[in-house]
Every structure is written in C-alpha cells, then in structure tokens.
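Student: I have a new structure to look at, and I would like to learn how to read it. Could you take me through it one feature at a time?

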Amino acid sequence: MVVQYKDMVFEVKGYRVEGKPQTFYCIEAGSFKIYMDKVKGEAPSPIEYVLAALAGCFNVVGFVVAKELNIEIESLDITVRGVFNAEKLYTGRGERAGFKQIEVEVKVKSSAPREILEKWLKSVEERCPVLDNLVNHTPVVSKLV
C-alpha cells in the first residue's frame, strides 16, 4: 500500500517586542513563542535559528530513517557551524548575505557498522526538508500587505 501525502502549510507570525531594542523579535509558531535578537543580543539571532533548524531536522529525520533501517541509536549529537560575513547585511555591499558554508558534524552512538551508518546519514541528508531548502532554490515571494 502506498501512502499519499498532501501538501502541508506551515505558518509563523512575527512582531517586535515592545520595550526591547528594534532587533528583538518574537515569532509565534503555533502555540510556541520563539524569541530572536541580533548576534550576541538577548536571544539567538535569526541566522543561528537557521543552524538550529538544520540540527533539529537532522535529529528528527535521523530517527525516522534509523527506525526504517532497524538501527538502534543510543545517542545522537549534532553540531552545525556556519561561516557568515555581515558586510552585505550592514552595508549592502560585498559577498552574498547568507552563509558562505555550513558544516554539519554528526556524532552517533550505535552498534550498527560504520558502512550502515554512512548509508543512514546519506538518507538523512536526502530526506531532510531544512537541508533541501538550504541547498536548493525555493521560490520566496515577499509582498506588502
């Protein structure tokens, strides 16, 4: 039996938190509130959340794929590091505004052989929606309302 999946729409809404610097922002995602600020502010920055989203997605997809491959994972630690230059952000000049490179280090504790874990990681990379959005062009439409 083939399961048919339908498109899902995810939505978040954001607003500046009164009484805080203009860079302090709250995002509502369902019943959750996510706070962000500029780099080294009172909360993680938006670009740190991109890295966090990638780590979180690797974790979720990692356990989905492990279950399918009958791999028992005892622990899974993921470190995501991005190289970023703020010149474009602050001056409008220079290199691209996004990360120059993102590196994901996956430390998995499992009794599975390394070759199986390499197959597992490749599948995680192929199926991770956040990674897909980072490495492939996704149309983004901005509009004033």
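Student: Which residues touch the most other members of the largest nonpolar core?

Tutor: A nonpolar core is a set of buried Ala, Val, Leu, Ile, Met, Phe, Trp, Tyr and Cys residues joined through side-chain atoms within 4.5 Å. In soluble globular proteins, nonpolar side chains tend to be buried together. Here the largest such core has 19 residues, and Ile71, Trp120 and Cys128 touch the most other members. Two or more residues each come from helix H1 (46–68), strand E4 (73–83) and helix H3 (114–127). H1 gives the most, with 8 residues. Helices (H or I, at least four residues) and strands (E, at least two) are DSSP runs, numbered from the N terminus.

Student: What should I keep in mind about the model itself?

Tutor: This is a predicted model, where local features need pLDDT of at least 70 and side-chain atom pairs count only at pLDDT 80 or more, while totals for chains, interfaces and linings use all residues. Residues are numbered from 1 along each chain as its sequence is written, and side-chain values use heavy atoms, with hydrogens and water left out.

Student: Which residues does Cys128 touch?

Tutor: Contact means heavy atoms within 4.5 Å. Not counting residues up to four places away in sequence, Cys128 touches Leu54, Cys57, Phe58 and Val61.

Student: How do I read the way H1 and H3 cross?

Tutor: Start with the axes, which are lines fitted to C-alpha atoms, for helices over the stretch in contact; angles run from 0 to 180 degrees between N-to-C directions. The axes of H1 and H3 come within 9 Å and cross at roughly 125°. Angles under 35 degrees count as roughly parallel, over 145 as roughly antiparallel, 65 to 115 as roughly perpendicular and the rest as oblique. H1 and H3 are therefore oblique to each other.

Student: Which residues of H1 and H3 meet?

Tutor: From H1 there are Phe58, Val61, Gly62, Val64, Val65, Ala66 and Glu68, and they meet Trp120, Leu121, Ser123, Val124, Glu125 and Arg127 in H3. These contact residues divide into 8 nonpolar, 2 polar and 3 charged. In that count, Ala, Val, Leu, Ile, Met, Phe, Trp, Tyr, Cys and Pro are nonpolar, Asp, Glu, Lys and Arg are charged, and the others, Gly among them, are polar.

Student: Is Val61 buried or exposed?

Tutor: Buried means under 20% relative accessible area, exposed over 50%, and partly exposed in between (1.4 Å probe, protein chains only). Val61, in helix H1, is buried, with a relative accessible area of 10%. Leaving out residues up to four places away in sequence, Val61 touches Val124, Arg127, Cys128 and Pro129. Val61 and Arg127 are 66 residues apart in sequence, and their C-alpha atoms are 7.0 Å apart in space.

Student: Where do Ser45 and Ser111 sit?

Tutor: Ser45 is in the loop between strand E3 (32–36) and H1, and at 2% relative accessibility it counts as buried. Apart from neighbours within four places in sequence, Ser45 is in contact with Met36, Asp37, Lys38 and Val39. Ser111 is in the loop between strand E5 (101–110) and H3, and Ser111 is exposed, with a relative accessible area of 68%.

Student: What is the phi of Asn70?

Tutor: Asn70 has a positive phi of about 55° although it is not a glycine. Asn70 lies in the loop between H1 and E4 and is exposed, with a relative accessible area of 73%.
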